Amino acid sequence: TKAVTIPSLLQMRGAANKIAMLTCYDASFASLMDRCGVEVLLIGDSLGMVCNGHTSTLPVTIDEVAYHTAAVARGAKSAMVLADMPFGTYGTKEDALRNAVKLMQAGAHMVKIEGGEWVADTVRFLGERAVPVCAHIGLTPQFVHQLGGYKVQGKTTEGAEQLKRDALALQSAGASMVVLEAIPAGLGREVTELLSIPTIGIGAGPDCSGQVLVMHDLLGVFPGRKARFVKNFMDGQTSIEAAVSAYVAAVKDGSFPGPEHCF
Ligand code: KIV
Ligand code: NA
């Protein structure tokens, strides 16, 4: 299979060919997911919660993400390797570049940053220096204390309008992709129609250009509270490979997320 690239993801978006993304933290799962046709492997800062047992993503460091990124990059063959910039690592553009370089040198093809209009300058700065960026808006877990918990975003008219402004500003700044987390399904569709770059939803409805889940949620092994948008794909399956393949198939044919996973 051919390598997944920014142009090939853009082409998938144009052809309404859904993109399957999963979080991944090690080489063995990277190899398995790649085999199952997952296009993008995200080394999420969710690793602080699912691998290390923290109650938020805030304690995660750049070196931790770089360590897991290197492992995933060794296991991946065709999939794109996307690494999260952790809390506090992109406060200034210079900090962002220095930290993003660590992830790119560990094997990432793109980095992900949480935030709207206010990080657009950082997105542009990185892009101009050969670091592709995926933006992340809606429920941004690094903002948990400002948001007052893990809550659905963009429910008010003002919130929805701001989210659309954010998405457009990030695209204009050169973002290659946008993750939309925990927003009403209708808003997920509107933002997707507004943009020409791919949107990847997690609790953002079925009309995004693709979907992402945390692998521990997909496999039903995360002991924490189960979010509405989570589906345990191990149900009815007898192997992890079958569960991951079922996820990819459900994303591709549009059967995941169903109405029960949406806001
Ligand atoms: O860290 C993570 O796993 C993420 C996804 C939920 C999008 O950012
Ligand atoms: Na994240």
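1. Start with two helices. Helix α5 (residues 93-106) packs against helix α6 (residues 120-128) at about 45°, and their axes are 9 Å apart. Helices here are DSSP runs of H or I, at least four residues, and strands are runs of E, at least two, numbered from the N terminus. Axes are lines fitted to C-alpha atoms, for helices over the stretch in contact; angles run from 0 to 180 degrees between N-to-C directions. α5 and α6 are therefore oblique to each other (under 35 degrees is roughly parallel, over 145 roughly antiparallel, 65 to 115 roughly perpendicular, the rest oblique).

2. Note the source. This is a predicted model: local features need pLDDT of at least 70, side-chain atom pairs count only at pLDDT 80 or more, and totals for chains, interfaces and linings use all residues. Residues are numbered from 1 along each chain as its sequence is written, while chains are lettered from A and ligands numbered from 1 in the order in which they are written.

3. Now the barrel. It is closed by 8 strands in the order β1-β2-β3-β4-β5-β6-β7-β8, with parallel pairing (two strands pair if DSSP finds at least two bridges between them). Neighbouring strands are turned by 25° against each other on average, direction ignored.

4. Take one pair. Strands β2 (residues 40-43) and β3 (residues 80-84) pair in the parallel sense over 4 bridges. Ile43 stands opposite Ala83 in β3.

5. Helices also meet the sheet. Helix α8 (residues 157-172) packs on it, touching β5 (133-138) and β6 (177-181). Contact means C-beta atoms, placed from the backbone, within 7 Å. The direction of α8 makes about 175° with that of β5.

Terms used: Two residues are in contact if their C-beta atoms, placed from the backbone, lie within 7 Å.
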